[in-house]
Amino acid sequence: MSRIIVCFISTSLWLFAAACSVKYSASGASIDPEAKTVNVRFIENRAPQNNPQLSQQLTEKLRQKILAQTRLTQTNDQNADYEFKGTISGYSISNAAVTDIDKAASARLTVTVNITFLKRIGDKKGFNNQSFSRSEDFNATLTINEAEPRILPNIITNLADDIFNRAFANW
């Protein structure tokens, strides 16, 4: 009798999961089955201090992540099913650790971006002006121009992951 109940519950759960309107991908992203297009707009750099390539690099990394881990197609259509737009609002360098003689031992680069995610299809629960921030430490004896090629790719990748997860995995 217990085998029949377990079989019935398993079958019921499977049918319930199959009937859900949200489709899950292998990446864990939840995408409405009717959604086909995404418009990742150019992320403008409005930080007082900045790297001129940062906007392009972050925009492209976010586009690549979405296209690689979802079935959505990038479009420039103003009425795309999903839309990302935002600005880089912070790009700062600070001391991360100080030695016993008041000299910086390590420095930290922090990049902050504000993103709006619009959903024009499905539950339409996007987010507005959500702040994402990531930092990387580097040896304080290096200039920012020397450290950036090593640390900026990690910051960009982590920001794109955070934005993707917030939009599609609701983290």
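Colleague: What makes R108 and D137 a salt bridge?

Modeller: The call needs a side-chain nitrogen of Lys or Arg within 4 Å of a carboxyl oxygen of Asp or Glu. For R108 and D137 the closest N and O atoms are 2.7 Å apart, so the pair meets that cut-off. R108 sits in strand β7 (residues 104-119) and D137 in strand β8 (residues 127-139), so the pair ties together parts 29 residues apart in sequence. Keep in mind that this is a predicted model: local features need pLDDT of at least 70 and side-chain atom pairs pLDDT 80 or more, while totals for chains, interfaces and linings use all residues. Numbering runs from 1 along each chain as its sequence is written, and side-chain values use heavy atoms, leaving out hydrogens and water.

Colleague: Why is R108 called partly exposed?

Modeller: Buried means under 20% relative accessible area, exposed over 50%, and partly exposed in between (1.4 Å probe, protein chains only). R108 comes out at 30%, so it's partly exposed. D137, at 35%, gets that label too.

Colleague: And K65, what makes it count as buried?

Modeller: Its relative accessible area is 17%, so K65 falls under the buried cut-off. Its salt-bridge partner is D161, with the closest N and O atoms 3.1 Å apart. D161 is at 23% relative accessibility, which makes it partly exposed.

Colleague: How many salt bridges does the structure hold?

Modeller: There are 8. R41, E83 and R120 are linked in a network of them.

Definitions and conventions: Helices (H or I, at least four residues) and strands (E, at least two) are DSSP runs, numbered from the N terminus.
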